Amino acid sequence: MTGAVHRGSGMSRRLLLLLTLTCAVGVGTVYFPQAVSPLVVTALHASPGSASLVVTAIQIGYTAGIFLLVPLGDRLPHRPFLVTLLALTGAGLLAAGCAPGLAPLLAAAAVVGVTTVAAQVIGPLAAGLVAADRRGAVLGTLLSGSTGGMLLARTFGGTLGEWLGWRAPYLAAGAVALLLAAVLARTLPVTTATSRRPYPALLAEPLRLLRTEPELRRSCLYQAAVFGAFSAVWTCLALLLTGPAYGLGAHAVGMLALVGAVTMLCTPYAGRLVDRRGADRVNLCCLLGVLVSAAVLAAGAGGGAAGLAALAGGTLLLDVSMQSGTVANLARVYAVRPDARSRLNTAYMTCAYLGGSGGSWLGVRIYGRAGWQGVCALVALLAVIALARHLVAPHGRDARQAGGDGRGAPVPAGIGGPPTAAPPVGSAGRTV
């Protein structure tokens, strides 16, 4: 069975706003427990290491949800699937907020992590709901919602937790998730499945698609390289700012991270560029942006006000390049197989996570031996690898038409930019 079948047409502004909010809530659910963790230590008389397992449980669960649940977006109608995911997330958050001890909290956090993959399901859904010449802009807007959820979640969790205790953020987030489930049950268009393959075959499909689809492979390479560079920078930035060059506290890293809020404004524009110019041209600009960011970041090694300005400018350029490149990459990925967008998204996100994890691991080790300049050299190297692949790639499918998929149809863009597009917890206040 090929091609998505949708009863109901178009994407109204109200529906777009609702889906953007759902993406923000879904991604924010992965992040706000980071800010609540210190409160859990005090309230439940747990060690910091034990309390941090709550964040780890959500992250591991989220990764499992991408692998186990997101491919079902091609097998199940989107409305009941999304509503069920949000309802389970809401129930898990309420259970976490009522947990009498650390063990029940860990169990509830794992459930929340597995089910809070709504943003990864909404991307393929939206790609089939919008007109071809609006896909990039609409899905860039959805990605800005995910970015907003990522940035604001810790503020929400920390502030509400300080006022009302650690349970309050979980209970509030659970109520919002259940409310969204009820609203989406009434407002989402009716869709039919694009695949009737059995569940085990769906789980194996992302690997097969990676093997057989060159456009998917090169998009995954671009994102893995850029996300690896991104993760290396943010993992080591805390070490730089709290080290002898700056002597600042950990709060400085959080303040610098707020620079990334600008990406909320940039991703819709990047999506419109994908619609007009094609994914390859946007990718080229983004990869060059990553390369330039390495040079700007390198100027931040010396410390002082000029160094801080260089770090702010370099991280901003890197963030914008990564998020805009995500829109372009998924534009190409979703055009490969319109009937398999959820499985394609699973393959893409898995590669992105592997790249981000590898970048964090390499970054810490290079920082220990070569300092901040070595980390910037790693960023430049990863950008050069992706650029070299881009320059030798056959661009026929993307270049024959601006935004085309090689078959005369405009390429759909998508969200799915890593909602957890950030380095591991404990490094710069962000997570993978």
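Trainee: Is Asp74 buried or exposed?

Mentor: Buried means under 20% relative accessible area, exposed over 50%, and partly exposed in between (1.4 Å probe, protein chains only). Asp74 has a relative accessible area of 3%, so Asp74 is buried.

Trainee: What am I looking at, and how are residues numbered?

Mentor: This is a predicted model: local features need pLDDT of at least 70, side-chain atom pairs count only at pLDDT 80 or more, and totals for chains, interfaces and linings use all residues. Residues are numbered from 1 along each chain as its sequence is written, and side-chain values use heavy atoms, with hydrogens and water left out.

Trainee: How many helices and strands does the protein have?

Mentor: Helices (H or I, at least four residues) and strands (E, at least two) are DSSP runs, numbered from the N terminus. Here there are 15 helices and 2 strands. Of the 432 residues, 58% count as buried.

Trainee: With which residue does Arg343 form a salt bridge?

Mentor: Start with the idea. Side chains of opposite charge can pair when their charged atoms come close. A salt bridge is a side-chain nitrogen of Lys or Arg within 4 Å of a carboxyl oxygen of Asp or Glu. The structure holds 9 of them. Arg343 pairs with Asp74, and their closest N and O atoms are 2.8 Å apart. Arg343 is in helix H14 (residues 341-392) and Asp74 in the loop between helix H2 (48-68) and helix H3 (78-97), so the pair ties together parts 269 residues apart in sequence. Arg343 is buried, at 1% relative accessible area.

Trainee: Where do Glu205 and Arg208 lie?

Mentor: Both lie in helix H8 (residues 199-212), 3 residues apart, about one turn of the helix. Glu205 counts as buried, at 2% relative accessibility. Arg208 is partly exposed, at 30%. Glu205 also meets Arg337 in a salt bridge (4.0 Å, N to O). That pair links distant parts of the chain: Arg337 is in the loop between helix H13 (304-336) and H14, 132 residues from Glu205. Salt bridges that share partners join Asp74, Arg197, Glu205, Arg208, Arg337, Asp339 and Arg343 into one network.

Trainee: Where is Phe227, and is Phe227 buried or exposed?

Mentor: Phe227 lies in helix H9 (residues 214-241). Phe227 is buried, with a relative accessible area of 0%. The C-alpha atoms of Phe227 and Leu382 are separated by 9.5 Å. Along the chain, these two are 155 residues apart.
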